[in-house]
Amino acid sequence: MSLGIEQGEALDKALERLRELDLDGEEIEGALRAALADRGTAKLLSWAREHGEERALAGADMQAVIEEAMAAGDALSPLLANELEGERLAPALVSACVDGYLAAQGRHATSKREAQDELLRRRVDELTALHRIISAANSSLKLNDTLSEMVQAVVAVTGADVCSIFLYEPEWDQLVLTATSGLSQDAVGKVRLQVGEGLTGWAALVGKPVAVRDARQDPRFKYVAVLGEDPAISMLAVPVVLFTKEKLVGVITLQNFEERDYTDSEIRFLETVAGEIAIAIENARLYEQTDARLQQKVAELSTLQGVSAHIAATLNLPEVLTLIAYQAAHLVHADAAAIYELHSGAGMLELVAQYDLRDSTHSIHQGKAVQRVLLNVEASDIAGAIRRGIPIPLSPSADAHLEIPFAPEGYRSMFCVPLVAPRAIMGGICLYNLDDKVFTDEQVRLLDAFAHEAAIALENSRLYDAALRGLRTKSALLQEMNHRVRNNLQTVAGLLSMQLRRMPPESEAATVVRESIARVQSIAAVHDLMVRGDVEMVGIHELARKVADAAVSTLTDPGFDLKLMIDVPENEQMRVGSQQATLLALLFNELISNVILHGFTGRTKGKIGIRARIDRDTNGREGEAAHRVAPTVRIEVADDGVGLPEGFDPQQDANLGLNIVQTLVVSDLRGSFKLEPGEGGVGTTASINFMPARPGVRD
């Protein structure tokens, strides 16, 4: 529409006024021209609403927007006076502008809330993933299980198609694939990258995240066929660094099959995950190291315990020395060991055992003969180290001037550990190595503990040898003493027999002499058994046989038919000490003499049975109390003689022989004696119960 001259001038003035109000623009000019052409304000009001929205989105104050709308209305009112038909333009523009302002603010608030909600959901997902990662790190100290759980958690929260963790091996300066989600599991442990190789190696080299939209177009990208990463395009690699030690631990990577730009928020999240992974990996490695060290310590202590038990169970000195040398070298992985025995009184150090782990002819159960070497303590460096009483390293050429045959050329280090017993230093162990080996403090303490046990075992072996020599001497002396006592007793019996031949056979004196001869011979029988066998222990049945034969030959007439039966149990070997054996010999003699002299009076034949057994009568006790009752020995001497006289009282009617028996049993054996009719009322049975004493213990 063409405007008249007046309208054109008015329009120019209105536009000039709007420019002064910073409201100039094509939109308002077009709306103003439309208003003039259409003779209405609809376009102008639409502009006002849009202007209000724009100002609201720009963050303008509502009061300023209202003032702008009022000013625009005042400027345009003269131009549109005819179209308004008495209506005021300014309030209408203000109302439209405010409506637009408020509408924009409402939409902005909704969008802001939605953005905040989305951000909150993302943060919740990230925190959930971090919680899952931390839980995985805390739930298992097995490194592979922990890392597998972590890559799955990262994939779940980031929406990435692939997540992989490479661990750094400093000894090779390489990154090795340790866990992955989305790539071939066959590649785990096989794919290795040098630091700086590929995007993963580059992130490790620069120590910063590397994010690439199209990895294949990046010159740093390295294709590895075995990974199966052909569909992957975008890639994010973040170094895993333990900042407490500023140490590279590995690299964690994300890959997507579609192109994308990784946001700062995603990079920060992956850096947080990398920090947790670094701590988890370090803890897992420390656990593995601790567990391995603990297992090694348990193995060392088990070896030490086994060695101590083996040494303590072996009293053969050459075997003990060879075993100590072998186990000392084996315990700390030394190549060879030598044992020196210190003779302080003589001022000499003697090489007594050696073990070379490389020598296939050595046996830990058989000492290998060593060349006898005696070193002067004052001239020997090894002796000086041993006498100090503490473990100490020495040169392998120590005492080379003394021509030690065990230290040939080739050994480069030696360590000396003294054998310190509670009462003295017994000697020392020298450990030889083919390399420059330095023992740790733990190994030194272990060797020191082992040497202490070995020293005690060595001292016990010496004491055992001394005791064995003493025992042999004692046995020889006892044998000689028993031999002489037996001969003396036989001499006494011979003298009494000579005296007996001068007496009337049926006289009372002859009977007394025969009883005395029997008693002497019974005691001699004990010493005769000791001469032939054990000097301290005598078998009861063997003793009974010998005493009975002597008594029968001395007291019975040549024509008397006597059957002597001794019941010997198959599974009970009853033996007593020398003191109780002497008492039993006298008891057997008196009981058999009593039967022959009184039980078989007026008879030409008879039977005597002797039985000895272990009596385990618990006297009615049961359970544990029954087990605490000590067993006793029960001896029975039975005959088929005339039996006991009617009304016989052992306390008042007993003869000398029975009085001797009662006295010996009660006072010396501390047992009990019982005399009663035999089985079926035939003959008499004498019973003795006593507790056997231990050898070497005086009762």
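How many bridges join strand E7 (residues 336–343) to strand E12 (residues 425–433)? Six bridges join E7 to E12, and the two strands run antiparallel.

## Basis of the description

This is a predicted model, in which local features need pLDDT of at least 70 and side-chain atom pairs count only at pLDDT 80 or more, while totals for chains, interfaces and linings use all residues. Residues are numbered from 1 along each chain as its sequence is written, and side-chain values use heavy atoms, with hydrogens and water left out.

## The six-stranded sheet

Strands E7 and E12 belong to an open sheet of six strands, ordered E9-E8-E7-E12-E11-E10 with antiparallel pairing. Strands (E, at least two residues) and helices (H or I, at least four) are DSSP runs numbered from the N terminus; two strands pair if DSSP finds at least two bridges between them. Strand E9 (373–376) and strand E10 (392–394) stand at the edges with a single partner strand each, so one side of each has no neighbour in the sheet. From one strand to the next, the twist averages 30°.

## Aromatic pairs

Three aromatic pairs are found in a search of the whole structure. Rings of Phe, Tyr and Trp (its six-membered ring) pair if their centres lie within 6.5 Å; planes under 30 degrees apart count as stacked, over 60 as edge-to-face and the rest as tilted. One of the pairs is Tyr411 and Tyr432, which is tilted because the ring centres are 5.3 Å apart and the planes stand at 50°. Tyr411 lies in the loop between E10 and strand E11 (413–420) and Tyr432 in strand E12, 21 residues apart. Tyr411 counts as buried at 10% relative accessibility, and Tyr432 is buried at 1% (buried means under 20% relative accessible area, exposed over 50%, partly exposed in between; 1.4 Å probe, protein chains only).

Phe415 and Phe439 form an edge-to-face pair, 5.1 Å centre to centre with 70° between the planes. Phe415 is in strand E11 and Phe439 in the loop between E12 and helix H12 (441–500), 24 residues apart. Both Phe415 and Phe439 are buried.

## Positive phi

His333, in the loop between H10 and E7, has a positive phi of about 60° although it is not a glycine. His333 is exposed, with a relative accessible area of 60%.

Notes:
Axes are lines fitted to C-alpha atoms, for helices over the stretch in contact, and angles run from 0 to 180 degrees between N-to-C directions.
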